[in-house]
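Take a look at the sequence and structure first, and then we will walk through the cavities together.

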Amino acid sequence: MRTPLPIPPLKTGASAHQKSYPAKTKDMIKVDLPKERAKDWKEVMLKKMAEVLDRNRSVRLYLESCVKCGACADKCQFFLGTGDPKNMPVARADLLRKVYNRYFTLGGKIWGKVNEAADLDEAMLQDWYTYFYQCSECRRCSVACPFGIDTAEITMAAREIMAAAGIATKYVTEVVAKVYDTGNNLGIWPAAWKDSCEFLEQDLKDTENIDIRFPVDEVGAEILLVPPSADNFVNIDTMIGYAKMFHAAGISWTTSTYCNEGGNFGMFLDYGNLKKVNNRILEAARQLKVKKVYWGE
Amino acid sequence: MVNQILFVVLPYLSAAIFLVGVLYRFILWMKAPVPLRIVTTPAPKTRRGVAWRMAGDVLWFPSLIKADMPLWAAGWTFHMLLWMVLLRHLRYFLYPVPGWVEGIQTAGLYAGYLIPIPLAALLIRRLATERNLYISILGDYFSLFLLLGISVSGFLLGVFFRTYIVDVKALALGLVHFNPVQVEVHWLFALHFLLVLVLLIYFPFSKLMHAGGLFLSPTRNQRANFEKRFVNPWDDDYPVSYNPENIFPPEKYSEMLKKPKSEDKS
Ligand code: SF4
Ligand code: SF4
């Protein structure tokens, strides 16, 4: 039996004030993005947008195929929670769609009013920054849509476009920067990772009187385990579970201090960082000469 | 003169705009690569499975059933009636009329009489719910009114203002065989005909292209064969490089691995 959440009445601008904290210069440098918002941000963004359109079938297709049926409108948790109409997936995508219509379609160029076009101005940018960072890229809306229009992909495109002009949030850039510094989202240094593993070994010996290893950086192990880093920090029972399982199965395994994070915040920033974060898994696997990677998140 | 434009020039012009426009849109869509295999799960693993999924999406709108039942009822009814009406109209363009087109004649007629009902329901729904009113744009109303205009004029033609059907068929066949003929028809038929031409012209520039977009939608037409390597065609444009500010690049890791175990507690 499905019991749908009550659908809130529209409250225009209800979550307009909830803006993510802007990225810090030090993190922007670490993630290879412009230090601050570019002076010619509009031109940079439009140029990036042209590139994004050429590179992603989904973006152009989804911008052009939406019939505004509203099936997705009440499916977004951010809309259900705030009632802000711009958090309806279709309206969120409209923020990009309007700019697309204005600069990339004939109708929008010559007669913007009837063709749902809008300039990329400061107000629009503020809306982008607010509402494209109020999407968790969960893709629930794409399940409801009769054409599978995936607003998460629109969100990804918009964030990529903003990032190119030096516009991003502190939360995301800081986490990605931490991965390049420590190998995980939480900023656990290699020494601390090893310490934690040794502690767990000792702990198991003391409490359960069993000898189970938590190998770190062992070249030649069969399996590289890439857990969510929190598993060796807060959810240590999960970490113990992995170790017991490998122990019972008699499989040689290891974690890596270079890459002990299965979550990829590059996904919330841009393609370059998405790839670079993922690349750490490959790199760790190669350097450790493992045969398989077990990877969770 | 007016006749000449309405029944000869405009039909060919709108057919050309329709075909070229649709083709252009498809080419633009297909030219862009699909970089990520992010299909909406649960998804089929085989091509055959994808074909089934697509057929389901085209004929049954399963996601709408779960998402919005009233919308599904109106939308699905409209689209199915539309199929019937379109197929029934084949009888004007084909000679001799195939048996199966004859067969659906009666059903198609009734479908045509009924089609304004789901259209009206869709329109009312758009106006009656706050959310849908908010997201609706001019094009949404234009499409609905255009389709309403076509279907109501068609209904009136069929029931009250019977046009001389032999002339209509002569006209249609003449156009199809690039041998247009001049006929005298009721003004209401001229209106019905004109609105259809407007629809043809409008189609490629509008959201009505969703009819084609569905088939290319990467979340629906991909397979969930994740065990097979999927390579992003432009992946090489993003080489992985570490800048001096990144304090744990791959080289540092190789060094760490080379050091004996006891030393590397740094
Ligand atoms: S992908 Fe974004 S817009 Fe869609 S439902 Fe999730 S949070 Fe909302
Ligand atoms: S469900 Fe799909 S077609 Fe309908 S409004 Fe949402 S994105 Fe557009």
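The lining of the largest cavity is made up of 15 nonpolar, four polar and six charged residues. Keep in mind that this is a predicted model. Here, four cavities of 30 Å³ or more are found in the structure, and the points below take you through two of them.

**The largest cavity**

- This cavity has a volume of about 310 Å³.
- Its lining counts 25 residues, and those closest to the centre are A:Asn56, A:Met156, A:Ala157, A:Glu160 and B:Leu36.
- In chain A, the elements that each give two or more residues to this lining are α2 (41–55), α3 (57–65), α9 (151–164) and α13 (271–288).
- The largest share of the lining, five residues, comes from α9(A).
- Both domain 1 (25–168) and domain 2 (174–295) of chain A take part, each with at least three residues in the lining of the largest cavity.

**The second largest cavity**

- For the second largest cavity, the volume is about 120 Å³.
- A total of 16 residues line this cavity, and A:Cys66, A:Cys72, A:Val90, A:Cys145 and A:Ile149 lie nearest its centre.
- Which helix gives the most to the lining of the second largest cavity? That is α5 (residues 89–104) of chain A, with four residues.
- Sorted by class, the lining of the second largest cavity holds twelve nonpolar, two polar and two charged residues.

Methods:
Residues are numbered from 1 along each chain as its sequence is written. Chains are lettered from A and ligands numbered from 1 in the order in which they are written. This is a predicted model: local features need pLDDT of at least 70, side-chain atom pairs count only at pLDDT 80 or more; totals for chains, interfaces and linings use all residues. Side-chain values use heavy atoms; hydrogens and water are left out. On a 1 Å grid over the protein atoms alone, a cavity is a set of points where a 1.4 Å probe fits but cannot get out, and a pocket is an open set with protein on both sides within 12 Å along at least five of seven lines; lining residues have an atom within 4 Å of a point. Grid points are joined across faces, edges and corners, and a volume is the space filled by probe spheres set on the points. Ala, Val, Leu, Ile, Met, Phe, Trp, Tyr, Cys and Pro count as nonpolar, Asp, Glu, Lys and Arg as charged, and the others, Gly among them, as polar. Domain bounds come from an automatic or database domain assignment.
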